[in-house]
Amino acid sequence: MSRTAAILLAAGSSHRMHGVVPDKILALLGNKPVFAHSSATFYRSGVIDFFVVTYRNQKQMVELSAYAPTPTLFVRGGNTRQESVAAALAELPQDVGYVFIHDCARPLVQAKQLVGLNKIVRHENAVVLAHRLIDTIKEHHGDGRLLTLEREKLWATETPQAFSRELISSAYVYAKAREKKLTDDATAVELLKHSVALLENLQPNPKLTTPADLRYLEFLFAEMNA
């Protein structure tokens with residue numbers, strides 16, 4: 001029986017939030033690093049058999065190892081998120097059949113979402129966590145014209161995103177051969193003209209990038225644990 005792996009991305013977390021922390025993945029949220037919340041949720045979900053953590057440097061790896069699930073393989077990440085994912089995919093054991101890819105800067109992911117994604121990926125081979133957009137989105141053209149897009153068709157993708165290992169590996173090889181820049185992992189699959197399913201997320205799952213994001217996460221975390 002094939003195993004399911006989780007690629008937890010920490011390598012791309014070199015962004016320094018001025019006056020707060022030098023590494024956002026290690027920023028404290030409820031007395032634990034942001035990374036610890038993502039890794040604990042994946043472990044607790046019961047759907048993951050093997051973990052891969054991409055790291056930026058030796059110092060970061062040592063700090064992350066204290067909160068990594070078992071078994072975990074640490075893989076040195078690249079200069080971009082795309083390179084880090086490719087490096088992790090290349091190191092997966094041969095018996096891994098499905099892969100979850102998650103930006104650890106989203107620490108509020110919930111176990112029930114992982115369970116839902118796991119059910120869908122077994123049938124669809126590609127699924128992303130996403131939420132509906134509530135703002136009116138306009139496309140700006142070079143001549144100054146604005147085009148209002150149909151909001152009902154617009155979704156903001158999040159992570160985790162889950163795929164069959166064969167599909168996502170082939171998609172990354174295809175993207176690299178054609179020098180395509182990927183905005184997320186589903187983009188690679190779309191290049192192969194493969195459909196991607198959506199799992200609607202009704203819970204906040206923000207990504208930590210700025211000090212304001214950290215304050216918002218602290219508020220949400222306190223609400224969840226009240």
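Tutor: Start with a term. Helices here are DSSP runs of at least four residues, numbered from the N terminus. With that numbering, α1 gives the most to the lining of the second largest pocket: five residues. The model is a predicted one.

Now look at the pocket itself. The second largest pocket holds about 210 Å³ of space. Its lining is made up of 14 residues. Find His37, Thr41, Arg44, Pro107 and Met224; of the lining residues, these lie nearest the pocket's centre. Two elements give two or more residues to this lining: α1 (34-45) and α7 (211-224). Next, sort the lining by class. Eight of its residues are nonpolar, four are polar and two are charged.

The largest pocket has a volume of about 370 Å³. Here, too, the lining counts 14 residues. Nearest the centre of the largest pocket lie Gln82, Glu83, Ala86, Tyr172 and Lys176. The elements giving two or more residues to this lining are α3 (81-90) and α5 (165-177). Helix α3 gives the most, with five residues. By class, the lining of the largest pocket has six nonpolar, three polar and five charged residues.

Conventions. Residues are numbered from 1 along each chain as its sequence is written. This is a predicted model: local features need pLDDT of at least 70, side-chain atom pairs count only at pLDDT 80 or more; totals for chains, interfaces and linings use all residues. Side-chain values use heavy atoms; hydrogens and water are left out. On a 1 Å grid over the protein atoms alone, a cavity is a set of points where a 1.4 Å probe fits but cannot get out, and a pocket is an open set with protein on both sides within 12 Å along at least five of seven lines; lining residues have an atom within 4 Å of a point. Grid points are joined across faces, edges and corners, and a volume is the space filled by probe spheres set on the points. Ala, Val, Leu, Ile, Met, Phe, Trp, Tyr, Cys and Pro count as nonpolar, Asp, Glu, Lys and Arg as charged, and the others, Gly among them, as polar.
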